[in-house]
Amino acid sequence: MRNYDFECVATQINCGPGTREYIEREWDKAVNRVENWIKTVRICITDINGPKGGINQRCRIVMQTRLGAPIVVQETRERLSSAINVAIRRSVHTLKRKISKKRDQKKQPVHIETQQDAEGLS
C-alpha cells in the first residue's frame with residue numbers, strides 16, 4: 001500500500017485499464033525499497049504524433065521527494081511499454097542516487113575547532 005499520492009494520466013493516447021495496471025505494477029516493483037522517500041508521483045503517457053507512427057510514445061514521470069527538488073524524467077520510444085520501463089528505471093535510479101548522496105553527507109566528519117587547534121595556529 002502506497003503512503004504517497006500516485007497519479008497516472010494519459011493524453012492523446014487510448015490507455016485502457018490494462019495499461020494503467022501495468023504501469024502501477026511496474027512502479028510498485030521498482031520503488032519497493034525507497035517508497036518512504038516519495039511524497040507524490042505523477043506519470044503522464046502521451047502519443048506525440050497520434051496515429052502517424054514513429055518514435056512517438058512518451059512517458060514523463062514527476063516525483064516529489066522528501067529530499068527537496070522534484071525528480072523529472074522523460075523518455076520517448078517507439079513502444080509505450082519500453083518508454084514506461086525506461087522512465088521508471090531512470091527515475092528510481094535518480095532517487096536512489098540522491099538518497100545515497102544525502103546519507104554520505106551525514107557521514108562526513110564535522111571538524112570542530114578546539115582551543116588547542118586555535119593555539120597551534122598562533
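This is a predicted model: local features need pLDDT of at least 70, side-chain atom pairs count only at pLDDT 80 or more; totals for chains, interfaces and linings use all residues.
Reader: Where is glutamate 35 found?
Author: Glutamate 35 sits in the loop between H1 and E2.

Reader: How far apart in space are glutamate 35 and leucine 95?
Author: They are 9.7 Å apart, C-alpha to C-alpha. In sequence, 60 residues separate them.

Reader: Let's zoom out. How many helices and strands does the chain have?
Author: Three helices and four strands. From the N terminus on, the elements run β-α-β-β-β-α-α.

Reader: In what order do the strands sit in the sheet?
Author: The order is E1-E2-E3-E4. The sheet is open, and its pairing is mixed. Strand E1 (5–11) and strand E4 (71–77) are the edge strands, each pairing on one side only. From one strand to the next, the twist averages 10°.

Reader: Mixed how? Do E1 and E2 run parallel or antiparallel?
Author: E1 and strand E2 (residues 38–47) run parallel, joined by seven bridges. For example, threonine 11 has threonine 46 in E2 as its bridge partner.

Reader: And E2 to E3: how many bridges?
Author: Nine, and those two strands run antiparallel. In that pairing, valine 41 has methionine 63 in E3 as its bridge partner.

Reader: What about E3 and E4?
Author: E3 and E4 run antiparallel too, with seven bridges. Valine 62 stands opposite valine 72 in E4. Arginine 58 stands opposite threonine 76, also in E4.

Reader: How many residues lie between the strands in that hairpin?
Author: Five. Glycine 68 in this hairpin takes a positive phi near 120°.

Reader: Which residues are on the covered face of E3?
Author: Gln57, Cys59, Ile61, Met63 and Thr65. The uncovered face has Arg58, Arg60, Val62 and Gln64.

Reader: Why do the numbers skip like that?
Author: In a regular strand, side chains alternate between the two faces of the sheet.

Reader: Which strands does helix H1 touch?
Author: Helix H1 (residues 17–30) packs on the sheet and touches E1, E2 and strand E3 (57–65). The direction of H1 makes about 140° with that of E1.

Reader: Is tryptophan 27 buried or exposed?
Author: Buried, because its relative accessible area is 0%.

Reader: And valine 41? What does it touch, not counting residues up to four places away in sequence?
Author: Valine 41 touches Tyr4, Asp5, Phe6, Glu7, Trp27, Ile61, Val62 and Met63.

Reader: How many aromatic pairs are there?
Author: One. Phenylalanine 6 and tryptophan 27 form a tilted pair, 6.3 Å centre to centre, with 45° between the planes. Phenylalanine 6 is in strand E1 and tryptophan 27 in helix H1, so the pair ties together parts 21 residues apart in sequence.

Reader: What sits over the ring of phenylalanine 6?
Author: The charged end of arginine 2, which is 4.0 Å from the ring's centre.

Reader: New topic: lysine 39. Where is its place?
Author: Lysine 39 is in strand E2. Its relative accessibility is 40%, so lysine 39 counts as partly exposed.

Reader: Which residues is lysine 39 in contact with, leaving aside neighbours within four places in sequence?
Author: Tyr4, Asp5, Gln64, Thr65 and Arg66. Lysine 39 and glutamine 64 are 25 residues apart in sequence but 5.4 Å apart in space, C-alpha to C-alpha.

Reader: Last one. What share of the chain's residues count as buried?
Author: Of the 122 residues, 30%.

Terms used:
Residues are numbered from 1 along each chain as its sequence is written. Side-chain values use heavy atoms; hydrogens and water are left out. Two strands pair if DSSP finds at least two bridges between them. Axes are lines fitted to C-alpha atoms, for helices over the stretch in contact, and angles run from 0 to 180 degrees between N-to-C directions. Contact means heavy atoms within 4.5 Å. Rings of Phe, Tyr and Trp (its six-membered ring) pair if their centres lie within 6.5 Å; planes under 30 degrees apart count as stacked, over 60 as edge-to-face and the rest as tilted. Buried means under 20% relative accessible area, exposed over 50%, partly exposed in between (1.4 Å probe, protein chains only). A charge sits over a ring if NZ of Lys or CZ of Arg is within 6 Å of the ring centre and within 35 degrees of the ring normal.
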